[in-house]
Protein chains: 4
Amino acid sequence: MSQFTSEQIAEIEQLRGARASTIRPVSDGLEDILYQPIPVLDHGFIRVVDYMGNDDAVVQAARVSYGRGTKRVSEDRGLIHYLLRHWHTTPFEMAEIKLHVKLPIFVARQWIRHRMSSVNEYSARYSVLDREFYIPEPQHLAAQSASNRQGRGEILQGEEAAEVLDLLRRDAARSYDDYALMLNEGGADASRKGLARELARMNLSLNFYTQWYWKADLHNFMSFLRLRADPHAQYEIRAYADVLIDVLKRWVPLTHEAFLEHRFGAAQLSATALTAVRRMIAGEPIDQASSGLTKREWGELTAVLGLDESGASAK
Amino acid sequence: MSQFTSEQIAEIEQLRGARASTIRPVSDGLEDILYQPIPVLDHGFIRVVDYMGNDDAVVQAARVSYGRGTKRVSEDRGLIHYLLRHWHTTPFEMAEIKLHVKLPIFVARQWIRHRMSSVNEYSARYSVLDREFYIPEPQHLAAQSASNRQGRGEILQGEEAAEVLDLLRRDAARSYDDYALMLNEGGADASRKGLARELARMNLSLNFYTQWYWKADLHNFMSFLRLRADPHAQYEIRAYADVLIDVLKRWVPLTHEAFLEHRFGAAQLSATALTAVRRMIAGEPIDQASSGLTKREWGELTAVLGLDESGASAK
Amino acid sequence: MSQFTSEQIAEIEQLRGARASTIRPVSDGLEDILYQPIPVLDHGFIRVVDYMGNDDAVVQAARVSYGRGTKRVSEDRGLIHYLLRHWHTTPFEMAEIKLHVKLPIFVARQWIRHRMSSVNEYSARYSVLDREFYIPEPQHLAAQSASNRQGRGEILQGEEAAEVLDLLRRDAARSYDDYALMLNEGGADASRKGLARELARMNLSLNFYTQWYWKADLHNFMSFLRLRADPHAQYEIRAYADVLIDVLKRWVPLTHEAFLEHRFGAAQLSATALTAVRRMIAGEPIDQASSGLTKREWGELTAVLGLDESGASAK
Amino acid sequence: MSQFTSEQIAEIEQLRGARASTIRPVSDGLEDILYQPIPVLDHGFIRVVDYMGNDDAVVQAARVSYGRGTKRVSEDRGLIHYLLRHWHTTPFEMAEIKLHVKLPIFVARQWIRHRMSSVNEYSARYSVLDREFYIPEPQHLAAQSASNRQGRGEILQGEEAAEVLDLLRRDAARSYDDYALMLNEGGADASRKGLARELARMNLSLNFYTQWYWKADLHNFMSFLRLRADPHAQYEIRAYADVLIDVLKRWVPLTHEAFLEHRFGAAQLSATALTAVRRMIAGEPIDQASSGLTKREWGELTAVLGLDESGASAK
């Protein structure tokens, strides 16, 4: 937590120490980590700052009940699996989570595309940003993928890697120094008025860190995780999503289990793919050409089924 | 609470008795009434079943802060007033409330037009509705307004009132009896199969009670209240909104105060109305014709300003 | 079209006759049916009253292009399938459709749960509803399902069917007659004031017809269709969804094709179900108990795969 | 249009030349400018690429009508003013507009906070951005405001202005050159693999231009304009909003007129401000202290009423 000022640490401690009594549902898993920053990337973090409801809330809402929901965990589990499997979304909208997140601007731009959420971002019109920017670790410094226009390929090595890191660092440092120079905060140079903050910020690059409060309900939280914890998501946002999958587990263990089963580890098979699978089960010979699937679709289907691309079972 | 079964009352008592410890922000005003049904109309109720955040949450989000927000109540009040006055909506999205509501279907149909919320309704496809329908009290049995096509006029009296109440009661009772007859639940009549619940329900009239879990954030909660606690709202939904204004006061007293000042007791003046007000303040003579406002607009403006329709100050 | 007044028919004719020139994208399939009511159930209809965009609009937006999109239909088809398969939703939000729908109130209550749309409903606070209510055709008069708490079973026969139809008709007729009596529109009975419309409507049952303008984008339109054209949806709303699948085909033929392939005819397999399928393909013996699936899940999986419940291929 | 390639100009010409016949409502004002880029800032533009509906659509939806709406323009105008004055939002949701916008990233970050809209942005994961960045014109190069923490003050002059422009230009140029160097597109340097596009983009500063397709309904379009064409909005986004107010006028002239009257030129007066205005009209002496308003609120009220801060009428 070296990135926090002693004042910030004191504020967090104070919040964690102020224990109150409530008759609301409580998630012990989340109470344990509330307010504490979980580090992500080189300068980022996620802090859970509030929540409403737990697995019970889902069950309770689905039943429009007067009391706590069902009596037994096994019934709750069955109902939660059923709801998620059959795309019942509204009971999962009945629980909420609120985060304080510090993240690079280019990650923030992906994140905010999830509209069904609430956001309060630190304002660089109003305040001055800190001198913190994201530099990838060497193992994440990848070349453009040759096969996938929006993916990464091999890791850069040697001189090229060194030069890229050097350029990223040098340009970000210069862009901040000139930002500070233009701002002339505190009238460092008495001969200058200082450029308006809302203008000066345009000189910062997209790897600078911003921060925000972000709130979503459990349904939309899972939609976010399904897309952003996916292997096809950009590594930098996936680093946040991976942390949030642990948060999900602490918060709503039964829903987390159902999420892994019915969303994260599940697959959608198209009408043509289903026909192909039926033929495979019946033991009929089948390959891409005879399946009616495109090469790409066939590749995706065999991957999901753990087969090699010829259609034979992978060892 | 005569409308609750002893089992329901026991469930509510159990919830109220299960006290836990939390380090989340707490609203003492809401904890006091959590889970308890507040009666509305003849068979309806509102129960607050959960909430997230309080006035602090608004301040905290607006500042994207590490700790509790500002240090002093007067600063919090000032900030909350400022935010509401300048239509900053996102900080108010950071607090949430969840209700269990029992309400007539025709009220539910108005309520659900507020899309920025979450709803789980008791399913009459799945379960059988209770024999409960709304009958207005005599003082709310109004004639069609002569001047306003979507409003009420004088209260019906004497024979007409008695006959209307009688018709409403008789038709609702019959529609329920025939609903029950068609359902043939429990195989009361062994010679019948019983009509599917999803079909039989169509025989019920719009004054039957349904119930749901409803969740909204503080911003959308206030939008709901501004429209539904308004004197132009239909009385029956206003009865619910009036209860919820008290809930707002218990939950977030500073926001409630700012809501009364900047939304509920405020008025929007059009460009032409502003010009008219400037002339009034300058002491110029002005009437509807010379104001450039339509009769209706002039009537609305003079009402807001406490003037009679001639433009003179009302006593 | 016997249900329309000659004035309404004239209005529709006039709209269809008023041809204009545009440089916007046009869907010839929709122009052919624009404004014309398509009958649904006994008194309902759907009219397409406006639209924006066609298959090109999806491609164009996905490419953020200056011109029409790609040059060849085969490329457009490939891109649209790709987008739908990979849950890219925003390009499908770029086309819109607007409908005028007449539908029973209990259907309207299901329909409106789709919040990502816009609705203007005919106001029974402001106007008087017509004397039109839904009565199921005999072949849709089903008993409660024994196995599925929210489904239908066998068709009612003989005396029970006749009595149900009779009750539905008689109660609806009476509820309307008393509605009209309480309203006393036009002062039919000079001794009465007439009950306010906003109150009188509560006497109508849920099978009365209402009408609205409804607008959704193509993405949300397909979400609606996926849920409401599903065999598990209640028959009465499915009747509307079935008509709308034809509308989809006329409007955006390539997207319609991709919708059938990747949504409507597709299936989601859970992590455990995928493991079971892998074992089936490898020729391993497997049954419900050894699959790790619940009975219900096993039943759903074997159905999707066209197997009987023992796991053997269905003939 | 020097910023467009000849290929892009040809594509636009082709779209404008492809005239079709439709029976949908048409907005002649928009047809005249469809597809043509309107320049904004130094390299940005707005192109209207599609629309649905016009003023008629609002009227038609409000009436849930079979035909075109009302018969006379004066009735339409009255209804549209009424709807906007009384915050009826759904009829204005029934018309849609779709834009292609090129804008600096820091403007895009403000713009996208309007969630009730659809966006497809040019992907810098997938493609390489152009070498185009925003440099303010000298008259917009303002100092930080002394009185308003999120506003601009005086215009920078002389050496300070020259240096700021120089820094902005130099840093942006370098950040692009190094972006290109790291990408090594086309294998310019055979000894390098080239950094993945999704990573390299983080080196670009926030004044680089991006582009997107953006779609909103008329209601949300006006909400956007009310906030972003406001004098308190940052100049750079206001430049876009100002163009869009002209687009609004071309598209829906009656709604545009009502927007100026009831939103843009209107003011919200708080409960306390209304009391103060009543006293002013009654000729009572009043100043900030006796008004119950804060200094800031009093300043806002006197400004809206065209008074000087003493409360006396401004000349």
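## About the model

The model is predicted: local features need pLDDT of at least 70, side-chain atom pairs count only at pLDDT 80 or more, and totals for chains, interfaces and linings use all residues. Residues are numbered from 1 along each chain as its sequence is written, while chains are lettered from A and ligands numbered from 1 in the order in which they are written.

Let's start with the copies.

## Domains of chain A

Chain A splits into domain 1 (6-129 + 207-264), domain 2 (143-203) and domain 3 (271-304), with bounds from an automatic or database domain assignment. The C-alpha centres of domain 1 and domain 3 of chain A are 37 Å apart.

## A sheet in chain C

In chain C, an open sheet of 5 strands runs in the order β2-β3-β4-β8-β5, with antiparallel pairing (strands are DSSP runs of E, at least two residues, numbered from the N terminus; two pair if DSSP finds at least two bridges between them). Its edge strands, β2 (38-40) and β5 (118-121) of chain C, each pair on one side only. On average, neighbouring strands of this sheet are turned by 25° against each other, direction ignored (axes are lines fitted to C-alpha atoms).

Within the sheet, β4 (residues 96-104) and β8 (residues 209-217) of chain C run antiparallel and are joined by 9 bridges. Leu103(C) stands opposite Thr210(C) in β8(C).

Definitions and conventions:
Helices (H or I, at least four residues) and strands (E, at least two) are DSSP runs, numbered from the N terminus. Axes are lines fitted to C-alpha atoms, for helices over the stretch in contact, and angles run from 0 to 180 degrees between N-to-C directions.
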